[in-house]
Amino acid sequence: MDASQLSQVEALCETLYTGAPCTGENGETIDRNAAQSRLLSLQSSADYIPQCQHILDQSQSQYARLVASNALTELISTHWNNFTVPQRIDIRNYVLSYIANQGPSLQDFVTNSLIKLVCRITKLGWFDDATHRELADDVTKFLQASVDHCILGLKILNQLVDELNIPTSGRTLTQHRKTSVSFRDVCLFKVFQLGLTTLKQLQSRTIVADQRQEAVLGDQSLSLTVRCLNFDFIGTNPDESTEDVGTIQVPTAWRSVLQDSSTIELLFEFYKNTEPPRSSKAMEAIILMCSVRRSLFPTDKDRAEFLGRVMVGIRDLLSKQIGFAHQDNYHEFCRLLGRLKANYQLSELVKTEGYLEWLELASNFTVQSVTNWQYCTNSIHYLLALWGRLCAAVPYVRPDTGVQGHAEVLENQVLTVVESYIESMLGSVEMIISSDGALDDPLDDDGSLKEQLDRLPVLCRFKYAEIAQIILNKFDPLLNKYRQAITHIGLSSTASAPSDVSTQFFIIEGQLTWLTYII
């Protein structure tokens with residue numbers, strides 16, 4: 001490829017990504033579709049690999065480098081079996097060296113594409129040669145170099161975990177699982193430790209970086225921690241469309257790090273001292289750590305100590321209301337509360353220090369959440385799930401287990417939560433009507449409504465007589481008002497009634513709808 005051909009390729013790439021037409025070799029005008037068609041030829045044959053490398057080495061156009069990198073990824077994936085093992089290693093080393101030398105000066109979209117390429121080569125060649133399995137060791141050199149190189153190294157590790165965790169098109173599930181399991185056993189724990197080490201260095205100010213670099217390093221390190229804990233350890237292929245976290249089946253080799261008190265404390269500190277998305281990712285990592293399998297802890301005492309540290313962290317956040325002004329933090333914290341009882345038995349919770357204080361703080365937090373429902377509609381069901389699970393477990397806990405009187409305190413808090421929920425939902429009707437469309441009606445959100453209503457029966461049955469009386473005290477007066485309103489309106493429609501009458505009619509209807517759903 002000579003200089004004129006390179007210039008033509010750069011012009012086509014500019015047209016593809018900016019939409020500005022360019023002129024072809026024969027003077028013709030080339031639009032975006034024509035440019036895309038011509039550039040796709042780079043992905044048609046493995047013979048174009050040298051041309052792609054030439055573009056990367058010689059071009060100063062970021063768009064041209066992106067096209068070359070994407071073409072290489074496609075060519076390597078499609079024609080993998082056409083290369084010898086030494087050729088595969090050469091391409092891998094070329095791309096890794098290119099990232100090391102040119103990476104800090106490249107646009108993010110170019111480096112991301114190159115990182116995807118080197119991770120794809122690593123995955124496809126995992127069993128070819130030990131060199132491919134040493135990528136995590138090679139990336140350590142990035143982490144020990146400049147701050148910009150450290151950021152690149154963390155991006156490579158994030159992409160590597162994704163690449164080895166997610167099946168690739170064109171490869172069988174058996175091939176994927178074989179590679180994934182080997183990566184889990186050989187590299188994943190090392191990658192997880194590198195993420196935590198970077199977080200510790202950021203916390204201790206060992207890494208000298210400006211504010212922007214610190215934010216990026218924190219975001220990448222926390223993303224890496226979350227990705228490692230979210231890894232499909234046993235090949236269950238979890239549904240990524242749901243937020244529900246199952247039991248995390250981490251290997252026994254991870255025990256020392258996860259059981260170490262400094263690990264969970266580090267994540268709580270990051271949550272307290274940063275802003276979203278870093279703080280919400282720190283909370284997501286805490287949720288995942290709270291979901292590790294029971295058998296990871298060698299004794300019940302070890303598990304109880306871990307739970308105790310988590311409860312201390314949660315009580316501190318609840319009492320000081322740290323970070324809850326941000327919706328992402330709020331949502332993740334609600335997920336943590338909902339997940340806590342799913343992975344720990346009530347008999348374990350009642351034995352923790354400060355359980356009654358935690359119960360009261362959680363109750364106050366729930367009341368605050370349902371009272372301000374308009375800011376956290378999609379988070380309320382996690383809180384209702386917490387209380388539902390606590391109630392369902394009461395019959396299986398002996399009264400003399402843990403702190404004295406815990407069952408009675410739970411009963412009182414559940415009554416407070418349910419009554420606040422009913423009051424708040426009834427009050428929401430008038431707020432929505434008076435907002436004139438500014439607020440979304442929770443009754444129109446079928447998914448969130450179902451999530452909440454599915455969790456109410458357990459709560460209501462827990463104190464059936466008291467809650468039934470609360471509902472009746474609301475329902476009977478509203479029903480009488482509804483009858484009076486119908487009598488007042490008569491046979492005419494609500495549209496023809498005075499505005500104050502029709503408004504009151506719609507409020508009563510909405511409140512009766514809520515009570516009917518709850519019943």
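This is a predicted model: local features need pLDDT of at least 70, side-chain atom pairs count only at pLDDT 80 or more; totals for chains, interfaces and linings use all residues.
1. The protein chain holds 22 helices and two strands, and its C-alpha atoms fill a box of roughly 90 × 65 × 45 Å along the principal axes. Of its 519 residues, 50% count as buried.

2. Helix 21 (residues 464-489) has 26 residues and, at 1.5 Å a residue, should span 38 Å, which agrees with the 37 Å between its end C-alpha atoms. Among the residues of helix 21, Ile 467, Ile 470, Ile 471, Leu 478, Ala 485 and Ile 489 are buried.

3. The structure holds 25 salt bridges. One of them joins Arg 120 to Glu 163, with the closest N and O atoms 2.7 Å apart; this pair links distant parts of the chain, namely helix 6 (residues 108-124) and helix 8 (residues 147-165), the two residues being 43 residues apart. Arg 120 is buried at a relative accessible area of 12%, and Glu 163 is buried at 5%.

4. Arg 303 and Glu 348 also meet in a salt bridge (2.9 Å, N to O). Because Arg 303 lies in helix 14 (residues 300-320) and Glu 348 in helix 16 (residues 346-349), the pair ties together parts that are 45 residues apart in sequence. Arg 303 is buried, with a relative accessible area of 2%, and Glu 348 counts as buried at 18%.

5. Lys 450 forms a salt bridge with Asp 454 (2.8 Å between the closest N and O atoms), and both lie in helix 20, four residues apart, or about one turn of the helix. Lys 450 is exposed at 52%, whereas Asp 454 counts as partly exposed at 44%.

6. Asp 440, Asp 444, Asp 445 and Asp 446 form a negative surface patch. Asp 440 is placed in the loop between helix 19 (406-435) and helix 20 (446-462), and counts as exposed at 67% relative accessibility.

How values were computed: Residues are numbered from 1 along each chain as its sequence is written. Side-chain values use heavy atoms; hydrogens and water are left out. The expected span of a helix is 1.5 Å times one less than its number of residues. Buried means under 20% relative accessible area, exposed over 50%, partly exposed in between (1.4 Å probe, protein chains only). Patches are made of residues with over 30% relative accessible area and no salt bridge: like charges are joined within 9 Å, nonpolar side chains (Val, Leu, Ile, Met, Phe, Trp, Tyr) within 5 Å. Accessible areas come from the Shrake-Rupley method with a 1.4 Å probe; for residues, only the protein chains shown count as cover. A salt bridge is a side-chain nitrogen of Lys or Arg within 4 Å of a carboxyl oxygen of Asp or Glu. Lys and Arg count as positive and Asp and Glu as negative; His and the chain ends are not counted. The place of a charge is taken as NZ of Lys, CZ of Arg, CG of Asp or CD of Glu.
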